[in-house]
Amino acid sequence: MNLLDGYGMDTITMAGPLEAKLEAMKSVGFSQVMLMARDLVGHPGGVKAAVKAVQESGLRPTGFQVLRDFEGLSGHLHSYKVDIAKSMLEMCAATGSKVLLACSSTSRHATEDLDLIAKDLKKLAMMAIPLGIKVAYEGLSWGRTVNEFTTSWDVVCRADCPNLGIGIDSFHIFAAKTPLDAIEDIDPDRIFLAQLSDFMWHETPSFEERMTTARTFRVFPGEGVHSDQLADLVLRLERIGYRGDYSFEVFNDDYQQLPLETVAERARKSATWLHQDVLHRSAPLPSWASNIQKGAV
Amino acid sequence: MNLRTTDREAVPEMPNRLGIQGIEFIEYATNRPQALGQVLESMGFKPVARHRSREVTLYRQGGMNLVVNANPDDARVSATADGEAEISAVAFRVQDALKAHTRCIDLGAWSVTSQAQAMELHIPAIHGPGGTRYYFVDRWQEFSIYDIDFKPIPTVDQHPAAVESMSYFGVVQYIGSARSADWMAYYEHMFDFSVIPDDERFGILPKGKLMKSPCGQFLWQLIEPDPWMEADDAPESLKRIGFGVKDVAQTVKTLKANGVEFVESKELHPEDRGALTRSALGAVSFELVHQAS
């Protein structure tokens, strides 16, 4: 048992080739990785070589991202997005990821009708079933209709499909200032992904500010100005019975120009803060001590 | 004003939006068609026709059609390593094949690209678990689809009677762990299958979840790996066919005389409710299930 087992980094946080990112994560003790499609497609050896690199790293995929603007479209736009979704699902399956992240639509062409949005997401979930994939639907804080987790949960309930759940992202919750009380209404078994990050501003009132901050200046949990809220969020998730992974969804232009080991080390510190200071879980005993406990020595 | 009594309480009818009316055929893929043919013949199937352009043979007994696909160009055949035979498709009889296919695609099914050659039937299909397919056939009343794609084997009775009136009873699907809810939702949504309560079971292998087709003519059983089985990550598959019979003991006797062996252990053995044949060609086994009518 490793202290970092329930936490993982995201390939989008670091610069460099995929193999180097995986190695950096592994070297500080992480055992899982959230994969970004671009990191696979952009691999010089192609997707197959990228999948091989992931498998050989021994890191378990937390999930695969990201399908954008899927829901609420009609006619040829819908057909186009179904094709894109199929390719994403196939890549997701190839990497051995069990979760595909789908973000709420930002498109002006998409309907605002929550029942139609739910219908499309159910279709996406159906497409994912034969491949053994769960779909985590996340409300972007600048999503056109769905921009809070309360609405993404509403849509998921309307769709009522066992492999469709929500993705929680602390950034969007803090940016949209969604009250955390609504966490209590969520079925913990239908949270398929919990992505954590923080940022340095207290206010992000406009969609533009949220977008820019989300894409360039997120930081690891414990590094930003919402540490108390982040701790509150994680404790509430624990309280309702969430036992899944926590993945660090940190887009940060500075981290993109730092050595990978430096960034990975910051992530490790963040996970340790969450594990010990927030969740108050004890550090695992060294292996010689646990062997004594089991009576193996 | 409509005063039909059922309307007063809005009693829902079992929906059957594809107009499913039973199983038209089940297909096996194998690169050892003769060996599988022997197994099938011992179970009472007779080869009656061969495909016009591909290495595919049609077997039949009573109302059951069974296709053995040994076409080396078919990825599902080349995927069956070591000569193991696998169920590679189930064809449903439906009201309108094109409408059924279109509806399923609209709901999120993956379409299978047709490989029909000139003058052959294009049977619309969607992908099932693993590499399997579900076909939709609507021409089963006026004429036979086999008359177009298949040539009858000369001198062979095209409609051999079934051993002890056996008929298709159901299909057993092996699924991944914690996947029952997903597949139940899938079959409910796509095919209008309905879940049978856990205390209602048939035959001698009652594990897993059981669903019924909307026509009531066949069942679908979903079986997860046991929780204590370590990392059973075998691909999901259609595992075996169940045959419905009126008299299990008599059928077992007849099939034994044909050379079929049954699983006869302390825990599992032929009884009035059902029986299981021993696996042949790696994983091919059949289940007999007592069917009252």
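Okay, let's start with two helices in chain A: H3, residues 46-57, and H4, residues 75-95, pack at about 35 degrees with their axes 9 Å apart. Axes here are lines fitted to C-alpha atoms, for helices over the stretch in contact, and angles run from 0 to 180 degrees between N-to-C directions. H3(A) brings A:Val47, A:Val51 and A:Val54, and H4(A) brings A:Met91, A:Ala94 and A:Thr95. Contact means C-beta atoms, placed from the backbone, within 7 Å. By class that's five nonpolar, one polar and no charged residues; Ala, Val, Leu, Ile, Met, Phe, Trp, Tyr, Cys and Pro count as nonpolar, Asp, Glu, Lys and Arg as charged, and the others, Gly among them, as polar.

Quick housekeeping: this is a predicted model, where local features need pLDDT of at least 70, side-chain atom pairs count only at pLDDT 80 or more, and totals for chains, interfaces and linings use all residues. Residues are numbered from 1 along each chain as its sequence is written, with chains lettered from A and ligands numbered from 1 in the order they're written.

Zooming out, chain A has eleven helices and ten strands, meaning DSSP runs numbered from the N terminus, H or I of at least four residues and E of at least two. Its C-alpha trace spans about 65 × 45 × 40 Å along the principal axes. Of the contacts in chain A with a separation of 6 or more, 81% join residues 24 or more positions apart.

And the partner? Ten residues from chain A meet 14 residues from chain B. On chain A's side, seven are nonpolar, two polar and one charged.

Technical notes
Contact = placed C-beta atoms within 7 Å.
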